[in-house]
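Please read the points below with the sequence and the structure side by side.

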Amino acid sequence: MVHRHARAARRSAVTALGALVLAGLPAAAAADPAPAAGTVPGAAQTLGADRPPPHLLDALRRDLGLTPAQASERLVNEAEAGTRAGRLRIALGDRFAGAWVRGDTSQELTVATTDAEDVPAIEAQGAKAAVVRRTLADLEAAKEKLDAAAGRVRTLDTPVWYVDVPKNRIMVQATSQEAGAAFVEAAGLRGEDVGIRMTEVRPRLLQDITGGDAFYINDSARCSVGFSVTKGEQGGFVTAGHCGDPGDTTTGYDRTAQGAFEASTFPGKDMAWVATGDQWTPTPDVKAQGGQEVQVTGSAEALVGAAVCRSGSTTGWRCGTVEQHGASVSYQEGRVDGLTRTTVCAEPGDSGGPFVAGAQAQGVTSGGSGDCTSGGTTFYQPVNPILTDFGLTLTTATAQVTAPAPQDGTAQEWAAGRVYEAGATVTRDGVRYQCLQTHQAQGAWAPAGTPALWQRL
């Protein structure tokens with residue numbers, strides 16, 4: 001039981017946050033004006049959400065049924081919501097149970113807690129409060145039990161499982177009630193802790209792939225360029241791990257010599273990177289529709305409910321929303337954990353291609369079900385774990401190229417190029433900060449100048 005003085009102290013801290021931290025940030029933030037000289041930019045300016053390209057707005061209009069004005073407002077609201085959710089996550093501590101956005105323009109941010117006493121502080125941030133039974137940490141721990149069970153039993157009849165944050169429970173997709181119940185029992189979970197959804201659909205890898213641009217492996221299979229990256233002086237790009245193995249050679253969209261796979265992980269994860277020759281220059285560009293391009297400015301992770309778009313050679317530029325992070329998927333070829341589930345459609349030939357939220361890189365297409373005629377579900381491998389695992393730096397429109405710092409998980413001096421998880425603590429010029437949104441630090445994103453990403457302690 002928490003001592004009443006400790007409870008009072010933590011309530012005071014959360015209430016202070018409600019009064020001070022987010023003053024002036026309404027739930028449905030309108031597009032902020034450009035900051036005056038000497039002021040600190042807001043989340044929309046930091047993440048580039050206030051200046052979306054027209055073809056991004058066109059795709060959101062087509063795929064989400066929005067007007068151009070609604071699409072613009074949605075991108076700004078989602079950028080601001082990510083910062084507010086990050087601050088509330090820190091303030092709520094172990095009572096935090098997740099956050100998500102809803103509405104045509106993502107005007108409604110909901111933050112969940114396991115303690116009703118947190119409701120006034122959450123509402124003071126312009127967010128809707130949800131009081132639930134399980135913390136996010138509890139849900140993630142339960143999913144880890146399913147992950148462990150998947151190493152012992154076959155999961156082809158339970159092909160997908162994930163944390164459903166808005167429903168505050170674990171969900172298992174199964175081909176039958178019996179298969180779902182057996183998987184849950186093998187994980188040692190109670191039935192009331194897990195929802196079982198019946199489906200005949202089995203996700204598949206989207207082989208014969210492309211992305212922003214096509215590339216070819218060993219002069220045969222076709223795959224997708226995800227995002228440009230660098231490792232030291234070496235340029236290249238990330239893509240899906242099932243595209244190729246280390247040492248496999250690649251040619252570009254024009255069939256000229258390009259490079260080779262330096263590293264690849266599949267199954268378990270679905271990530272790879274290709275080192276390219278000097279004639280191939282990394283750029284921050286992602287192909288959109290009509291020959292246009294989107295320039296990536298960072299890799300801040302989008303909230304559940306946020307709009308995302310992807311580029312693929314088969315079906316082009318398509319948009320939808322984030323449904324869940326951290327999903328596990330059993331393909332015929334093997335299981336992959338840590339994927340993000342979306343409502344974006346895709347078809348064979350789209351794998352490996354880039355997912356973006358506004359100007360922020362999100363991940364590379366892994367697989368899914370359905371198609372772009374009848375609709376479907378697509379999973380992507382988040383980009384930040386790729387950057388961390390392989391020691392890569394994302395190529396962006398604004399940042400200097402900086403080698404990533406070691407990922408030792410301890411508090412240390414902030415460094416450009418390192419991937420920081422939400423909640424991580426750093427120091428910069430003798431001041432301590434806590435990370436609000438998972439991202440790879442860019443040279444222009446030092447903590448003191450980016451309150452959208454960092455909170456001073």
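**Notes on the sheet and the disulfides**

1. Strand S11 (residues 234-239) pairs with strand S14 (residues 271-276) in the antiparallel sense over 4 bridges, where strands are DSSP runs of E with at least two residues, numbered from the N terminus, and two strands pair if DSSP finds at least two bridges between them. Within this pairing, Thr239 has Ala272 of S14 as its bridge partner.

2. This is a predicted model, in which local features need pLDDT of at least 70 and side-chain atom pairs count only at pLDDT 80 or more, while totals for chains, interfaces and linings use all residues. Residues are numbered from 1 along each chain as its sequence is written, and side-chain values use heavy atoms, with hydrogens and water left out.

3. An open sheet is formed by 8 strands in the order S9-S8-S12-S13-S14-S11-S10-S23, with antiparallel pairing. Strand S9 (221-224) and strand S23 (393-394) stand at the edges with a single partner strand each, so one side of each has no neighbour in the sheet.

4. The count of disulfides, each a pair of cysteine sulfur atoms within 2.5 Å, comes to 2. In one of them, the sulfur atoms of Cys309 and Cys319 are 2.0 Å apart, and both Cys309 and Cys319 are buried, that is, under 20% relative accessible area with a 1.4 Å probe and protein chains only.

5. Cys345 and Cys372 also form a disulfide, with their sulfur atoms 2.0 Å apart, and the pair ties together parts that are 27 residues apart in sequence. Cys345 counts as buried at 11% relative accessibility, as does Cys372 at 18%.

Terms used. Buried means under 20% relative accessible area, exposed over 50%, partly exposed in between (1.4 Å probe, protein chains only).
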